[in-house]
Amino acid sequence: MSDDLDPDDWSAFRASSHQALDRMIDFLQTTRERPVWRDAPAEVRQKFCAPLPRGPRAFADALNDFEANIKPYAVGNTHPLFMGWVHGAGTPVGMIAEMLAAGLNANCGGRNHIGIAVERQIAQWAAELFEFPQSASGIFVTGSSAANFLGLLVARDAAMGHEIRRTGFSASGEQLIAYASAEAHGCVAQAMELAGVGSAHLRSIPVDSAGAMRVDLLQAAIDDDLSAGLSPFLVVGTAGTVNTGAIDPLQSLALTATKYGLWFHVDGAFGALAALSPSLRPKLSGVELADSIALDFHKWAHVPYDAGFLLVRDGQMHRGTFANAAAYLQRAPRGLAAGEVWPCDLGPDLSRGFRALKTWFTFQVHGADKIGRAIEANCENARHLAESLARSNVFELRAAVSLNIVCFALKAGWRDEANEALVIDLQERGVAAPSMTHLSGRPVIRAAIVNHRTKRADVDDFVAALHESAARITP
Ligand SMILES: *Cc1c(COP(=O)(O)O)cnc(C)c1O
């Protein structure tokens, strides 16, 4: 046996690998024949409490373990009746792209290799989609939680100057204030905490009946903070709230931000990609005026996890927020250390994977239009679900349907807690996986239709399953 980590027997490795690939393709092809989700039994979980393996084991043997003990107990978001949370469904093409990226094992922090050009290509596509200038910069991150955080740091530098990186906040004596709607994702408040600005300095602006930010109240809050001697710096608009899919009035937010000289960031984690659909694009009107946009290719573009992205209009400001003069990052005129800009100049990560490749493959093979149509179909199916529930004598709608998310609950006569019991029953029976959230302080059932595999007939099956589960639980 050799001391390196390559296979001792390449042909055995090749055979096992082909088999693993075939099994995975079978798995994707037959997704809808299996339960959406199964809880892993205790004896399976026990297998993942083992000590560090000191010796080798046949690859084929480990693959069998994967087949038996990992594959059947995944989240379930490949299944067309998975409607819990906003999870992308993945695609077979994305899966292969991920494997090819792993084969290259490119480190996309920087240096002069083609991976950097592929990532730059995605940034150019994003700029094109959102009508940003080609001088805009973009970077892959884990997800929108990270992208919102980085966007906030760029906004901080735009307000305070890059010197803030060195001095920190105490030197300035100013108190920065940010604004987002009461329905903004929790990662926005967390970004304030991570940045050291503090979540107490994020103003939570009330929303209207559709769940969108009240611009009059935003303006009033900014005026109040200015009179109190504070320093407003950032307005965060949400394009597709996680609870109901509501879209803030982005155009008015942009005008307000401009009027007060504030950075305008859009959290478009899933909703921003509705821009791929010409019929949905008008709902996002104003997104093209943002200073920065956070979005997830792993949600509505179904790129395999993870593929979050930050797009920044002012590429210089973006770079100035993160670039680092360390000796080992020095650029050469030619050779492997040549080239500008490196992704490590645009965020905190140095070693980073080739997320751009699976995104590139996804758009190459499917085309932006088809992904846009899948997004439209999700929104049509959400309306179909809402109409079916509105006719039901068991359920009632609890929020307007802006995009693809339907919030509903059991009608009067049922306990509030029965909703969660019903969701758990659906999940444990493996027939469907909606999730729970709270609206106006009350629990509601939430169906987020994100999966490109979800058809109208699946929505009908879901409605039938809801009524079946309602008959199985105590009112
Ligand atoms: C999903 C989501 C996030 C968080 O994104 P991650 O990719 O999970 O980190 C932020 N905001 C909104 C509106 C989301 O839907």
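How do the residues of the shell around the ligand divide into nonpolar, polar and charged?

Author: Happy to take you through it. Please keep in mind that this is a predicted model. The shell around the ligand divides into 4 nonpolar, 6 polar and 3 charged residues. There are 13 residues around the ligand, and those that come nearest are S144, S145, D267, D296 and K299.

D267 uses its side chain instead, with a polar atom 2.7 Å from a nitrogen atom of the ligand. As for how much of the ligand is covered, it exposes 380 Å² when taken alone, and the protein buries 85% of that.

Now for the helices. Two packed helices are described by the angle between their axes and the distance between the axes. On the α4 side the contact is made by V93, G94, A97, E98, L100 and A101. These meet L357, K358, F361, T362, V365 and H366 of α12. By class, this contact of α4 with α12 has 7 nonpolar, 3 polar and 2 charged residues.

Another partner of α12 is helix α14, residues 456–472. Here the axes are 10 Å apart and the angle is about 35°, and this crossing is right-handed. From α12 the residues in contact are N381, H384, L385, S388 and L389, while α14 brings R456, V459, D460, F462, V463 and L466. The residues of the contact of α12 with α14 comprise 6 nonpolar, 3 polar and 2 charged.

Most residues other than glycine have a negative phi, and most peptide bonds are trans. Against that background, the peptide bond that joins Y305 and D306 is cis, with omega about -10°. D306 sits in the loop between β6 (292–296) and β7 (308–312). Another cis peptide bond joins E340 and V341, where omega is about -10°. V341 belongs to the loop between α11 (315–322) and α12, which brings us back to the helix followed above.

Phi gives two further places to look. E131 is not a glycine, yet its phi is positive, near 60°; this residue lies in the loop between α5 (114–129) and β1 (137–141). S440, also not a glycine, has a positive phi of about 50°. You will find S440 in the loop between β10 (435–439) and β11 (442–448).

Terms used: Residues are numbered from 1 along each chain as its sequence is written. This is a predicted model: local features need pLDDT of at least 70, side-chain atom pairs count only at pLDDT 80 or more; totals for chains, interfaces and linings use all residues. Side-chain values use heavy atoms; hydrogens and water are left out. A residue is near a molecule or strand if one of its heavy atoms lies within 4 Å of it. A polar contact is a pair of N or O atoms within 3.5 Å; within protein, one must be able to donate a hydrogen and the other to accept it, and residues adjacent in sequence count only if both atoms are side-chain atoms. Accessible areas come from the Shrake-Rupley method with a 1.4 Å probe; for residues, only the protein chains shown count as cover. Ala, Val, Leu, Ile, Met, Phe, Trp, Tyr, Cys and Pro count as nonpolar, Asp, Glu, Lys and Arg as charged, and the others, Gly among them, as polar. Contact means heavy atoms within 4.5 Å. Helices (H or I, at least four residues) and strands (E, at least two) are DSSP runs, numbered from the N terminus. Axes are lines fitted to C-alpha atoms, for helices over the stretch in contact, and angles run from 0 to 180 degrees between N-to-C directions. A crossing is left-handed if the near helix is turned anticlockwise from the far one by less than a right angle, and right-handed if clockwise.
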